[in-house]
Amino acid sequence: MKKILIVENDVFLRELLVKYFEDSNKYIVTAAIAEATYAANLCSSGKVDLALMDICTDDDNRGGIKAAGNIKKKYPNIKVVLMTGVPETDYMKEAKAAGVDSFLYKTDSVDKLLDVVDKTLDGKSIWPELSETPLKNITFTLSQRENEVARLICCECLTRQEIAKRLYLSPDTVKTITSRILVKVGVDNIRQLMNFMLANDYFKPED
């Protein structure tokens, strides 16, 4: 069986990932850790065939990328798959520069995760498109409130409940506003919205 190293700082998700891989009866999880800093040390002596790593670790929004580059430099035969919940297009560019083998989003299904791991171990390189969202509506206008909600979603990654608390609205009102935003922009879900807005520089630094 193939040996997997998991790096994920969210305890709940880390334990779920361990269970998913062990239940598949195809993998052995040799270690599951929170901090990417220690990942390379665990890859010596043939202990790891593939490292599955979150990008945002060690209180660093690029800790996983840095650790991945270190692993690929020291142990080029070890496969590295990076994952993230943040649709930041620069992450993929930096991950490719670091020699990472494959890349996926945490919003993907478990089946997709296992498929990416399987294919990566078979020597394939799996990457999402830099912008998975087509430019459906090149021109659109958001109201001030819609723009506020969109910014909190895309720039701060806040949940519906967090946005409601920040803007003194009900969660149902935030849901309604979010639905209007998706229709205006011409996307199907929050991830596509974030991809579109960030990839096309909708929000400026001063926002």
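A contact here means heavy atoms within 4.5 Å.

1. **What you are looking at.** This is a predicted model, in which local features need pLDDT of at least 70 and side-chain atom pairs count only at pLDDT 80 or more, while totals for chains, interfaces and linings use all residues. Residues are numbered from 1 along each chain as its sequence is written, and side-chain values use heavy atoms, with hydrogens and water left out.

2. **The overall build.** You will find eight helices and five strands in the protein; helices (H or I, at least four residues) and strands (E, at least two) are DSSP runs, numbered from the N terminus. Their order along the sequence is β-α-β-β-α-β-α-β-α-α-α-α-α. Among the contacts with a separation of 6 or more, 64% are made by residues 24 or more positions apart.

3. The protein has 207 residues, and 42% of them count as buried. Buried means under 20% relative accessible area, exposed means over 50%, and partly exposed lies in between (1.4 Å probe, protein chains only). The protein exposes about 10900 Å², with carbon and sulfur atoms supplying 49% of it; such areas come from the Shrake-Rupley method with a 1.4 Å probe, and for residues only the protein chains shown count as cover.

4. **Strands E4 and E5.** Strand E4 (residues 79-84) runs parallel to E5, and four bridges join them. Two strands pair if DSSP finds at least two bridges between them. One place to look is Thr-84, whose bridge partner in E5 is Tyr-105. Strand E5 (residues 102-105) is covered on both faces: Ser-102 and Leu-104 are buried on one side, and Phe-103 and Tyr-105 are buried on the other.

5. **Helix H6.** After H6 comes Tyr-168, which has a positive phi, near 60 degrees.

6. The structure holds 11 salt bridges, each a side-chain nitrogen of Lys or Arg within 4 Å of a carboxyl oxygen of Asp or Glu. One of them joins Glu-146 and Lys-184, with the closest N and O atoms 2.7 Å apart. Because Glu-146 sits in helix H5 (residues 144-154) and Lys-184 in helix H7 (residues 171-185), the pair ties together parts that are 38 residues apart in sequence. Glu-146 is buried, at 2% relative accessibility, whereas Lys-184 is partly exposed at 31%.

7. **Glu-156 and its two partners.** Glu-156 forms a salt bridge with Arg-151 (3.5 Å, N to O). Glu-156 is partly exposed at 34% relative accessibility, and Arg-151 is partly exposed at 23%. Glu-156 also forms a salt bridge with Arg-166, the closest N and O atoms being 3.0 Å apart. Since Glu-156 lies in the loop between H5 and helix H6 (160-167) and Arg-166 in helix H6, this pair ties together parts that are 10 residues apart in sequence. Arg-166 is partly exposed, with a relative accessible area of 42%.

8. **A network to trace.** Salt bridges that share partners also join Glu-146, Arg-180 and Lys-184 into one network.
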